[in-house]
Amino acid sequence: MIKLNLLPPIEKNNYKTEIMRRFVIFFGIGIFIITTIFIGLLAFNYLFLYLQLSPEMKSLEAEKTTEKYKKVEELENQIKDTNKKIGLILTIKNQVVPTFPIIEKISKAANEKDSYLKSFVIDRENSTASIKGFALERDHVVKIQDNLRNDQQFSDINAPYSNFLKQRNVDFLFDFKIQ
């Protein structure tokens, strides 16, 4: 089959331009129709919901003025306040570290007949503690340090060298972290 193309190049370009123009117009009209239908459906749904909700809102406003609603609202407010208080109590409870078991373990660690504790300080924010005490002999101080190291609740036990310089009448100091 023989194809003869007798159109001049200018007409070919005009033909291609015309095809593109028709395609753009057809595509634009299609988009316009689809958008118009979509907007129409949205407007219909809005009108339908407005007509449905308008009487319900009026009846809800009328019900809000009744005594029963006021009691329910008062109970809701009381429940919310109670929930806030319970939440506050729970957060305080979770933040509180029971100090009695820690004090008991520290006193057991320093439980020697010839030694006693002078003071102890517990820092809850940093989970650290410091104890000061007196022992008649250095061996008692070493036993106290060993007892603290053997307890799993205490770590990073720091003892100054002054705890071990004297043989007798030792004022000791220990700093450590609480797990």
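Which residue of β4 does Asn-158 stand opposite? Asn-158 stands opposite Asp-175. The model is predicted: local features need pLDDT of at least 70, side-chain atom pairs count only at pLDDT 80 or more, and totals for chains, interfaces and linings use all residues. Residues are numbered from 1 along each chain as its sequence is written, and side-chain values use heavy atoms, without hydrogens and water.

Helices (H or I, at least four residues) and strands (E, at least two) are DSSP runs, numbered from the N terminus. Two strands pair if DSSP finds at least two bridges between them. Strand β3 (residues 154-158) is joined to β4 by three bridges, and the two run antiparallel. Strand β4 (residues 168-178) is also antiparallel to β2 (residues 128-137), with nine bridges; here Glu-137 stands opposite Arg-168.

Rings of Phe, Tyr and Trp (its six-membered ring) pair if their centres lie within 6.5 Å; planes under 30 degrees apart count as stacked, over 60 as edge-to-face and the rest as tilted. By this rule there are six aromatic pairs. The ring centres of Phe-23 and Phe-27 are 6.1 Å apart and the planes are at 15 degrees, so this pair is stacked. Both residues lie in helix α1 (residues 9-64), four residues apart, about one turn of the helix.

pLDDT is the predictor's confidence in each residue, from 0 to 100. The protein chain averages 85. Among its elements, α1 has the highest mean (93) and α3 (residues 99-109) the lowest (69).
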